Amino acid sequence: LKSKVVTKEEALTKFHDGQTIMFGDWHGELSAEEIITGMLEKGVKDIHAIAVSGGMPDQGVGRLINERRVVSLATTHIGLNPVAKDQMFAGELDVEFIPQGTFAERIRCGGSGLGGCLTPTGIGTDVEKGKQKLTINGKEYMQMSHLLRHGKPTPSAISNSDCPAVRPTVIWLMPLIPLLLKLRNWLKSVNLDRMKSTLLLRSLIWFMSEPAKRNHSAQCGSVQGQRQKQRQKQKQKEVKSNGRIERTRTYCSSLCQVL
Amino acid sequence: MAELKGRALIAARCARFFKDGDFVNLGIGLPTQCVNYLPEGVELWLEAEIGIVGSGVAPDWKDADPDLIDAGGQPTSVIKGGSVCDHTTSFTYIRGGHIDAAVLGTLEVDQEGNIANWMIPGVLAPGMGGAMDLCAGVKKIVVATDHCEKSGKSKILKKCTLPLTGAKCVTDIVTERCYFEVTPEGLVLRELAPGYTVEDIRACTEADFIVPDEIGVMQ
């Protein structure tokens, strides 16, 4: 029988950016610290974490949160990780609080092929908002779906309109449609100088990127972050040489079409 | 026995709710202290959310087993005859109504039996952990709390203002000043701590409560 035991190096090849990863630690205890160290060294980022707690800043999944590698967290409790709390209030970390029993059961449902189940937990509280409710034998229950997410890499925020993080931005941009249309006409008519077009392109990209990424790339001091910055610089250079104004115009008009 | 005061009195009063052999879940902090005041001849099966039935006393750090921790992540032990189970089974006990009583701390509690202890929007958001499941499934929810906040504001309200942890689930409220039972008619003042009068309680409690003919002494 083939052994399922692998080396740490082999195990680490399974981790990539944008994956949904479940962490087994309990307030940072009982955690796979070596694997987490490996993930930090490898530079895995944009993680969608499922963890019973936010760990501690120097223990468990908390270490990844501390390094801004986690973009979303499905959890029950982050009381022992003040970094996670600060990131949540700053809008950098998307935290979904789930009652612990519901959390455990949603994971079990996902793993055992169930779409979810019905629970009385959280009836009459904020947790029931947006959930379907049913009454069975006179007792009220609410529906909970399984907590199974597919570990697809996070799509680029600009190119993929399906990315949930983009939607709020687009909605926010809605009232600006007339303004954008004017901007398009203006772009057609005015011959922009270099300075203006650089600013415009950059600010547009910045607006369209998701908030977590904005902060992430700005503050990430890791090798990966630097590489990303280098790549961005290179891209911008290319854009320059290919006639930036033309590109900006196309971009703006396609944006208007999308809207 | 010396007269108990403050939090020790709360813990001692809560401990008197338990019968021998009860299966009990105690919240972190003050509720955990209840085990120190169990009446003679009463032994409990303590449940820890992490999946322990028969949680024991906390060992010294040097003897602690890093794989054996309680709901708060602190080292713990398992009593003779105790067992461990997985996370979903642990909450099967809780939600399924197999636990006799739970003692919880709180931020706010109101006269309808609502409890709010998991979040102050924009200020504090530790998360609800297992508290919502306890509220949903446990028959007897005892709230052990200071009567007032440090500012002097009553924690026992007419209506909770913070996001709820559980709706209409609290059965008893124990503070360092008195013990209220939650009934369908409202709060009933059952016992007073030594040195307090009904008027004292009225002055420091926002919620309405019923004063029965007989009021016991809390001990």
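**Interface and cores of chains A and B**

Across the interface of chain A and chain B in this predicted model, 1 salt bridge is found, a salt bridge being a side-chain nitrogen of Lys or Arg within 4 Å of a carboxyl oxygen of Asp or Glu. The salt bridge joins B:R95 to A:E105, with 3.5 Å between the closest N and O atoms. Contact (heavy atoms within 4.5 Å) involves 32 residues of chain A and 31 residues of chain B. The two chains bury about 2300 Å² between them, 66% of it on carbon and sulfur atoms; buried area is the accessible area (1.4 Å probe) that two parts lose on being put together, summed over both. Of the area that chain A buries against chain B, 22% comes from A:W26, A:L30 and A:Q100, more than from any other three residues.

The largest nonpolar core has 30 residues, of which A:F23, A:M39, A:I47, A:L64 and A:F97 touch the most other members. Such a core is a set of buried Ala, Val, Leu, Ile, Met, Phe, Trp, Tyr and Cys residues joined through side-chain atoms within 4.5 Å, where buried means under 20% relative accessible area, exposed over 50% and partly exposed in between (1.4 Å probe, protein chains only). Apart from this core lies another, of 28 residues, including B:I141, B:I173, B:V198 and B:F209. Not counting residues up to four places away in sequence, A:F97 touches residues of chain B, among them B:W118 and B:M128, as well as A:M88.

Residues are numbered from 1 along each chain as its sequence is written, and chains are lettered from A in the order in which they are written. Local features need pLDDT of at least 70, side-chain atom pairs count only at pLDDT 80 or more, and totals for chains, interfaces and linings use all residues, while side-chain values use heavy atoms, with hydrogens and water left out.
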